[in-house]
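Biologist: I've got a model open and I'd like to learn how to read it feature by feature. Can you walk me through it?

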Amino acid sequence: MSRNPAADRIFELAPDDLSREALISKWEFIHEDRTPLPTDQRPLGRAILTGVTAERVVVGIRKRSDGTIKWLSMSTFPIRGEKQELFGYVSCAWDVTESTQTNRELEVLSRASAELTSSLVSDEVIRALTRAAGDLCSAPGERRRRATLLMVYGPVLVITGEEDPETNIKIEGAHLPLADHPYIQKVIATRETIAAVLDYDEFGPAVAKSLRDHGLKNCVWTPLLRAASVVAILAVSGREGEALISERQLLRLKTLASMGELALSNAEAHEEVARLARTDPLTGLGNRRALADRLDHLARSRYALLAIDVDDLKKVNDVHGHPAGDELLAKLARALAAELRPSDLLARMGGDEFVALLADCDAAGAVEFGKRLSRTAARVSFPWGTPSISVGSAAGSVGEPPEEVSRAADESLYAAKQARKVRSASASAALASSA
């Protein structure tokens, strides 16, 4: 085997090194996922096995001494004699490390752009953003870097996205004090990206523990800007043996952060519009659409519906004015909603009508809860007096159509209002008799 000076430069060999021994001792052939590339899958191995030319096969070589990775485009051509007998091979190699990394980074950005613009759900946008950041800053053949998105809420950082295949330690949702993180403080102050080798002693205890637990050795922090303010930080970290990301990767990361902020803004705006469309503006409760959505996605369990009317709202409006009626509805709604569990829903259907959806509740429980709401309403006071409500309830079994349960609750409410009228009439008659 012989080689030219260009091969010496690519494989970093001395002129007197024996080719096979020097290559094997210095380099390991790898796939892009860092696993070893078997001999029969290398260009020379393929040509030897098949006798066919292997052209422009991209393979990785990793230096055994320090883990440096190069990417080569290799072609191997069988050499045949006059009678087509095989007596050797010519192998050519081109160093395509830079172009391979560039192509991969552009592919990551292109894929990220498609994912970020196709979703209007914040959680999906955050996942796509952190996944792309980890891919973008990890060169082919390297371990995938850790990427997180930290939302800035005043003095608190909240980890809302976490992509890290290297560890099972998950801290998504964790709150970290901004005061413990000098680098993010600087990013917020300057609105500029910062990269640094980590010294745990520079950080406060909470952040230092998180960095140490994950074995992080360096990091780059890129701000997501909205109206010239930092709303989040995209952090990409390396571990032992991984250098800071390159200038080229840093530029691409800034591009990704800008794309991510725009996608996140669009998703949040869409979610706010959707929330407002499902919210009653007077009481802040869910509206008819919110109730319909929840009923469409009922868990496979029993449930109950309470139909609720505010008694004598028209009289309050006529005597004390519509602002007094609005105050009655808003204050009463807050008091009733405070009695519900997180799994329940109180919705205003319009006018003086409300509906409560109770998860995992039977008929007896619904009746008792209706009484509890009536007692709560009686404790709400106004200058003009104390309100009251009428409640009807019905329970549904697993899979029972909500329409039927709602109809039964309305019938129960009607019966309750009729009984109230009878009681009111009886009370008036008794008062007149005593007079």
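Modeller: Let's begin with Arg 56, which lies in strand 2 (residues 54-63). Helices (H or I, at least four residues) and strands (E, at least two) are DSSP runs, numbered from the N terminus. This is a predicted model, where local features need pLDDT of at least 70 and side-chain atom pairs count only at pLDDT 80 or more, while totals for chains, interfaces and linings use all residues. Residues are numbered from 1 along each chain as its sequence is written, and side-chain values use heavy atoms, with hydrogens and water left out.

Biologist: Is Arg 56 buried or exposed?

Modeller: Here's the scale: buried means under 20% relative accessible area, exposed over 50%, and partly exposed in between (1.4 Å probe, protein chains only). Arg 56 counts as exposed because its relative accessibility is 54%. Its backbone deserves a look too: Arg 56 has a positive phi of about 50° although it is not a glycine.

Biologist: Where does Ala 228 lie, and what is its phi?

Modeller: Ala 228 lies in the loop between strand 9 and strand 10. Its phi is positive, about 65°, although Ala 228 is not a glycine. With a relative accessible area of 51%, Ala 228 is exposed.

Biologist: Next, sheets. How do I read the strand order?

Modeller: Two strands pair if DSSP finds at least two bridges between them. Here an open sheet of 6 strands has the order 7-6-5-10-9-8, with antiparallel pairing. Strand 7 (175-177) and strand 8 stand at the edges with a single partner strand each, so one side of each has no neighbour in the sheet. On average, neighbouring strands of this sheet are turned by 25° against each other, direction ignored; axes are lines fitted to C-alpha atoms, for helices over the stretch in contact, and angles run from 0 to 180 degrees between N-to-C directions.

Biologist: How many bridges join strand 8 to strand 9?

Modeller: There are 4, and the two strands run antiparallel.

Biologist: Which strands does helix 5 touch?

Modeller: Contact means heavy atoms within 4.5 Å. Helix 5 packs on the sheet and touches strand 5, strand 6, strand 9 and strand 10, with its direction at about 70° to that of strand 6. Helix 8 lies across strand 5, strand 9 and strand 10, and runs at about 50° to strand 9.

Biologist: And how do I read a core?

Modeller: In soluble globular proteins, nonpolar side chains tend to be buried together. A nonpolar core is a set of buried Ala, Val, Leu, Ile, Met, Phe, Trp, Tyr and Cys residues joined through side-chain atoms within 4.5 Å. The largest one here has 29 residues, and Leu 116, Leu 149, Leu 224, Leu 234, Leu 253 and Leu 256 have the most contacts inside it. At least two residues of this core come from each of helix 4, helix 5 (122-136), strand 5 (146-153), strand 9 (216-226), strand 10 (229-239) and helix 8 (247-277). Apart from it lies another core, of 28 residues, including Val 316, Ala 324, Leu 329 and Cys 361.

Biologist: Which residues of helix 6 are buried?

Modeller: In helix 6 (residues 182-190), Tyr 183, Ile 184 and Val 187 are buried. Seen down the helix axis, the buried residues fall within an arc of 95°, so they line one face of helix 6. That arc is taken over the directions from the helix axis to the C-beta atoms. Among the elements covering these residues are strand 5, strand 6 (156-163) and strand 8 (194-197).

Biologist: How many disulfides are there?

Modeller: A disulfide is a covalent bond between the sulfur atoms of two cysteines. The test is a pair of cysteine sulfur atoms within 2.5 Å, and the count comes to 0. Take Cys 219: the closest cysteine sulfur, in Cys 137, is 9.7 Å from its own, too far for a bond. Cys 219 is buried, at 4% relative accessible area.

Biologist: One more: how is strand 14 placed?

Modeller: Strand 14 (residues 389-396) is mostly covered, with 7 of its 8 residues buried. It runs antiparallel to strand 11 (residues 303-310), and 8 bridges join the two. Look for Ala 307 standing opposite Gly 392 in strand 14.
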